[in-house]
Amino acid sequence: MSTFLPRLYLGLVGLFLSLPLIVVAGVSVNEKQTLAFPPQGFSLAWYGQIFTNSEWRNALLASVTLATVSAALALLIALPLTWFLWRRHAPWANIFQLLGIAPFTLPPVITALGMLTFWATTGFYGQPWTAAISHAIFFVTLPLVTLSLGFSSIDRSLVEAAATMGADDRTVFRTIVLPLILPYLVSGYAFAFVLSLNEYIVAYMTVGFTMETLPIKIFNALRYGYTPTMASVTILFVALAAVIFSLVARFGDLPKLLGAMANSEK
Amino acid sequence: MRREAPQKFADYGPLFFPAAMLTVFFVIPFATMIAVSFFKRDPAGFYSTAFVFDNYARFLSLFFGKVLGFSLFLAIAVAICCVLIAVPFTYLLSRAPRRTQVVWLVALLSVLSLSEVIIGFAWSTLFSRTAGITNLFVSIGLMSEAVALNPSFGAVLTAMVYQALPYTVLVLYPALVRLDPTLTEAARTLGASPLKSFFTVVIPALRNTIVATLIMVFIFALGSYLLPQILGRPQHWTLSVLITDQAIYQSNMPFAAAMAVFLVLVTLGLVGLTVYAGRKGEAA
Amino acid sequence: MSGLALQNVTKEFGSFTAVKNVDLAVPHGTFVCLLGPSGCGKTTLMRMIAGLDLPTGGAIRLDGADITRVPTHKRDLGMVFQSLALFPHLTVGENIAYSLRIRGVAKEDQVKRVNELLAMIHLSGYADRPVSKLSGGQRQRVAIARALAISPKLFLLDEPLSALDAKLREAMQVELRQLQQRLGITTIVVTHDQREAMTMADTVVVMNSGEIRQAAPPVEIYRRPADTFVADFIGMTNLIDFAAEGAGRASVLGTSVEGLAIPEGLGQGVLSVRPEDVHLTAPGHGAITGKVTFVRDLGGTIETFLEAGGKQVVAVSMPNARPDVSVGQEVGIRLSPDACVVLKS
């Protein structure tokens, strides 16, 4: 009795979270181009479509490229910033931390519109690289948070020990700090990558008319009716996210990354 | 290692690139948007430079008032539903074995990262006549005929709760994990049942966290822009939808910018409130 | 001069002075313990020697050269941290080889030196283990070996044994002292444990409130404390007020005592008398009168607590000289005059 009710409750929430995905998974294996559940027949052809149909393939390629580049750029912004804030005592520099977190806290449409007005004003509106920069700024929060957490978990006496053993600042960074921060670097990249892959509005407002990322492609297709490829792409994305987050959990400490610290820093 | 203030100019080196990127590509765009909100619409291009309050004056219309009212109402409804579901859920999750927690966290992150487009599509399928949940009800004899459940307010609300629930859980998670388990144990030794100790010890101990979470989920829900379009009727459109619509389809960037600035002010006010609630929580 | 010299070293954090005008000479090859209560400035002083903190005044010299402003990584030190600070991402061998690796020592020479050091700390064959798989005592040894890898000019240890349990700590103290004597390396240890300091050091430096109160060999610190703080901090002592009556006589606890080495012109002060120098006799005959309040029999020693002239006095005796007293009994107290240290109050 005392474990049945909690399990039932967890199960119901789990059902709520998985129900739409189960239906979409079912729909994605329909044999014909119909929206039917339970599926009629069984076919994995719609998964093949993602890679064989040039429109879907291009969209996938665009999304993956965008996510790869923007997540890398986000890391390039977050790593030196968090390192500086950890290494130096400069309270005023926290303003940049705040600036990095703001785009993610505000409703996304605001960042999207800010980017749109900016790129329109500067005359670069529609260039593919503007989406990469926009996403990097939009998602810089994620590596900022994971890296701050990572740095705060490094015992500062390790750096002092390395210095007493003859290592200068650069050597310390290369031989001590970087190896210890690596798991946080990877998870920060993973978070930014997955979210960029799925992001719609910032991409739409910056390059929506010149380039189709997968979410844009799904939305555009949705307006003209239904194609089962949407369903297979959806399942592909869920699976991809699950795999990436599982890897993060496998090689890092997911509960800790999400704020469950054994010894709170505060 | 003592953190020393930067001594030489070179010590600031690591700051240059991040500071430049954030300033050029966040501060300046933001400022541009504020500037544009005072500009005039130019049907031929994006806008023409001016300094007018017209865009803000349009807020005073009945239509805008309705949209704003509905946006706030929807976001509040989503926030309340999410917190009601998420608090017991997160509490149970935080008491589960570590491996179970990790599996759940991976699942929650996967759902959280899903594109709004995908969530909208998934729910529109689930609510559809041909492939939807009603088919299931028909097959077990609850209903005689499958029906479409969208577009409707219920569909928008359900999908938005779905979207915001993982976020709510992840916001609550740190506070609940750190909650001293001996608190409830103490309540149990004093004679409270598990349910009673949850309501008399856990909930009061988390009061400020819950308030802060409500506000954060409210802001999160305020940002939803596709679900009302995919699953609702035009009267279910929110401010976010309207901003997108004005900026892209009506080519009225100045008005969109003015609405965005307004939305920022609402959000900042709420963030301030969250910080205040958090401070009070720490002091208590 | 060969060795380490601190000249007028001062460290201020804002308005707080952590270390005040410290002068200290540590000749080459000696073992010095910085001893004091927490917050006395001993760790700050060591951090300045290591270059981890910069002094706000004074100079630090090593073998005659001024190293006050030399960055830590150029000082050729070996240091063991309180947390040990073993690099968690490196193996035992990689930890020990770290200072050799970053100096560009050839790979085979690194391996040779690591094996030498592992043999020295009795951990041969542990090179490829991750440091997380070691016991507390083993981690301790690895930290020591790592600090000694380059044969540093100066070996610094900050509360190195505080994480170990009492038994292991005592054994490590002896081991550390023997190691230091074998290598002849100039060594400075920060500790708050006086037993540790007495066990290992050539010179014990007692610090309080950022100042050196006494720097002397352990026995002298115990036998001839420089002031009441040192007398009280090191071991157990009785601090008893006296009023001089001239010619080595003084009134102590209401009784006149003879043969004290009271300097000329000192009217009143404090006597520091170790409990083992307090002897119990029959009352009267010029002895101080006291009353037994409590007897603590610790097996190895017996402590008798007395009340005399409104003050508490403790006497320690060995079991073979067990005093025949019980609580409430009136006894005579005699202090050996040559064991009484006369201090200013």
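Two strands count as paired if DSSP finds at least two bridges between them. Strands (E, at least two residues) and helices (H or I, at least four) are DSSP runs, numbered from the N terminus. This is a predicted model, where local features need pLDDT of at least 70, side-chain atom pairs count only at pLDDT 80 or more, and totals for chains, interfaces and linings use all residues. Residues are numbered from 1 along each chain as its sequence is written, with chains lettered from A and ligands numbered from 1 in the order in which they are written.

**Exercise 1.** Work out how strand 9 of chain C is paired and how well it is covered.

*Solution.* 
- Step 1: look at strand 10 (residues 211-216) of chain C. Five bridges join it to strand 9, and the two run antiparallel. They make a hairpin with two residues between them, and C:Ser209 in the turn has a positive phi of about 50°.
- Step 2: zoom in on C:Val206. Its bridge partner is C:Leu35, and it also stands opposite C:Gln214 in strand 10 of chain C.
- Step 3: check burial. A residue is buried if 20 or more other C-beta atoms lie within 10 Å of its own, exposed if 12 or fewer, and partly exposed in between, with C-beta atoms placed from the backbone. Five of the six residues in strand 9 (203-208) of chain C are buried.

**Exercise 2.** Find which side of helix 4 of chain A is buried, and what that side packs against.

*Solution.* 
- Step 1: get the length. Helix 4 (residues 94-105) of chain A has 12 residues and reaches 16 Å from first C-alpha to last, close to the 16 Å expected at 1.5 Å a residue. That expected span is 1.5 Å times one less than the number of residues.
- Step 2: list the buried residues: A:Phe96, A:Leu99, A:Gly100, A:Ala102 and A:Pro103. They sit on the same side of helix 4 of chain A because they cover an arc of only 150° around the axis, taken from the directions from the axis to the C-beta atoms.
- Step 3: turn to the opposite face, which carries the exposed A:Asn94 and A:Leu98.
- Step 4: name the neighbours. The buried residues pack against helices 3, 5, 6 and 7 of chain A, together with helix 1 (13-36) of chain B.

**Exercise 3.** Describe the contact between chains A and B.

*Solution.* 
- Step 1: residues are in contact if their C-beta atoms, placed from the backbone, lie within 7 Å. The contact takes 75 residues from chain A and 75 residues from chain B.
- Step 2: sort the chain A side by class: 58 nonpolar, 12 polar and five charged.

Note on methods:
Two residues are in contact if their C-beta atoms, placed from the backbone, lie within 7 Å. Ala, Val, Leu, Ile, Met, Phe, Trp, Tyr, Cys and Pro count as nonpolar, Asp, Glu, Lys and Arg as charged, and the others, Gly among them, as polar.
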